[in-house]
Amino acid sequence: MDPRRASWEESSTEDVTRPLLLPVHGDRPAAAGRRSCSALTSVLANKYLAVAAGPLACALICALGDLGGHPAARNMLGVLAWVFLWWITDAVPLGVASMAPLFLFPAFGISSADAVAKAYMDDVISLVLGSFILALAIEHYGIHRRLALNITSLFCGDPVKPHLLLLGICGTTVFISMWIHNTPCTVMMMQVATGILQRFPRDQLEGGGADARELQRFSKALVLGIMYASTIGGMATLTGTGANIILVGMWSTYFPEQRPITFSSWMSFGLPLTLVLFVALWVTLCLKYCTKNTGRVLSAYLDRNHLRRELSLMGPMAFAEKMVLAVFGALIVLWMTRSLTDDIPGWAVLFDGRVGDGTVTIMMTTLLFIIPSGKNDGEKLMDWGKCRTLQWHIILLLGAGFAIADGFKSSGLTDILSSGLGFLKGAPALAIAPVACIFSGLITEFTSDDATTTLVLPLLAELGKSIGVHPLLLMVPGTVGAQLSYLLPTATPGNVVGFGTGYITIKDMVITGMPIKLVGIAALTILLPTLGSLVFGMDSKM
C-alpha cells in the first residue's frame, strides 16, 4: 500500500473516532437528533450488534434447543453458533474469535481447560508455524521475486506471446503457492503483475478503441490468473493452505487408529488435481481474454528486456539467499521422504515413528536463527524481530478447528448427528462425494476456506460413518470444495487482493471462476475413488 495512502487512512480513522473537543450548547431537537444518529452510527461502526449476535444465538440454542436430553451436545451446538457468527461477521478479529473455545468450552462444560488448550499446539500447528517463518525468510530476502522474474522472463517471448506469458506467470504462482500460504503468495505475485500492468498507459486502458479493449482483457486475465493460481497451487501440498492442515488434524483426531495423511501422501493426490485445475485455468484465460491481436498490442508496451532489467537490478544471489534456499530444499526432501510406502517406510522408521512433519519443520526453521547471514558480524539469517508479522490468526484458527473437532466428540454431538443422518445409508458413495464438494464449495464463497473446512469436516466425518463408507470419501471432497473459492471476493483474502486492484469485477470472477469450479468438482469425482483410494488406503475397512 502507498505510504501516503496509509497515512491518510490512519488520519481519517482518527478523525472519525476522536471525541469532539468543543462543547455543544443547547438542547435543541436537531442536536438531540444528531446525538441519536451519532449513537446509532457508533453502534454500527463498533460492530456491537455483530458482537452481541454470537452470545445471543448461543443463549437461544441453549434455552430452546432439545437434543434428546444431551445438555453437553446442546451447549456444543450453541458455542459453535457463537464462534461461527463471530467468524463470518468479523465482530472481533479472527484470531480473537478463534480463541473463544478456550473459555467457552470449560464454561459450558464441554471439556476441561487443559484439554481444549492442548488442541492449539500439536504437530500440525508446528508444521504451519515453521512454514510461516520460512515464508517470512523467503520474503525478507526477495527470493520469491527473483524466482518469479526468472521464470516469467522465460515465457515472455520476443515478440510477446500472451499465451506463454500467462502460462509462465500462473505456473510460477502455482509453484510458490505450493510452499507458502495462498494470501502472501497472491500479494507477492500481484506485485509482479503490477510491474507489468504499469507499463500500460492508463489513458489506453480507459480508452474505447480496439487496442484498449485488448489491454483491458489481458489485464483482467493477468489478475484473475494470479488470484486463482494461488488458490489452485495451495491444494498440492499440506503447507499450501490451512484447509489441508485442518483435514489432517481432524482425521487424526477422529480416527487416530487409521493410516495418517502425510505430506507425501497428500501431495501424491493433490498434485495431479492441481495440474488438472491449472490447465483448466490457463485454457479458460486464453480462450476468454486472448485474441490473435493481443500479442501485437502488448508488444508496444512489454517485452522480455523489461523483466530482465528488473532481474539485473537485483544483482547476483547473495550467500543468505542461497542458504535460505538450501534450508528450504532440505526441508522439502525431509517432508517427502519421512513416510514413503509400506515396503519403503522412509527415514521416520529410524525414530520409531515418533517424529512428524512438524518436527522436521521446526528443526529446519531453527537453523535459520543459527546460520549467519554473511552480511554483518553476528547477524543470522533470521531473528525474532523479522517474525513480528507472523500470521498468528491463522494458527489460532487451526487450533480452534481442532478444538471444535474434539468438542464434537466429547460432547456427544457426533453421536446425535450420526443417528440423525441414518436415512442416507442407502445412498451411493460416489454420488454423495461430489455433493459434499458442492456443499462445501457453496459455503466457502461467503466465508474463508479455513472456516468452511472447520465447520463441515466434523459433519462429513460422521456422515461417512453413518452411511457405511470410508470417511475420507466425504472429508476430502469437503476440504477440496472449500478451496474452490473462485466466484466472490468474500471467498478468500487472495480474492480480495485481486479484486482490490480495480482491474476485475465480480462478473469477471463469476464468468471465469465457474468453469474452473466445475472442472474441479469433476476431477475430484474421478480422482478420489481411483487415485485417492490407492493413496489414502480407502479400500481398507474402518
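Biologist: Among contacts in the protein between residues at least 6 apart in sequence, what percentage join residues at least 24 apart?

Modeller: It's 78%. Keep in mind that this is a predicted model.

Biologist: Okay, and what is the chain built from: how many helices and how many strands?

Modeller: You'll find 26 helices and zero strands. Of the 542 residues, 51% are buried.

Biologist: How do I read two helices packed together?

Modeller: Packed pairs are described by two things, the angle between the axes and the distance between those axes. Take H24 (residues 472-483) and H26 (residues 506-536): their axes are 11 Å apart, at an angle of about 125°. The crossing of H24 past H26 is right-handed.

Biologist: Which residues of H24 and H26 make the contact?

Modeller: From H24 you have Leu 472, Leu 473, Val 476, Pro 477 and Val 480, and H26 brings Leu 524, Leu 528 and Phe 536. Sort this contact by class and you get eight nonpolar residues, no polar ones and no charged ones.

Biologist: Is H20 largely enclosed or largely open, and why?

Modeller: H20 is largely enclosed by the rest of the structure, because 14 of its 20 residues are buried. After H20 comes Gly 412, which has a positive phi, near 85°.

Notes:
Residues numbered from 1 in each chain as written. Predicted model: local features only at pLDDT ≥ 70, side-chain atom pairs only at ≥ 80, totals over all residues. Heavy atoms only, no water. Axes fitted to C-alpha atoms, helices over the stretch in contact; angles between N-to-C directions. Helix = DSSP H or I, 4+ residues; strand = E, 2+ residues; numbered from the N terminus. Left-handed = near helix turned anticlockwise from the far one by under 90°. Contact = heavy atoms within 4.5 Å. Nonpolar A, V, L, I, M, F, W, Y, C, P; charged D, E, K, R; others polar. Buried < 20%, exposed > 50% of the residue type's maximum accessible area, 1.4 Å probe, protein only.
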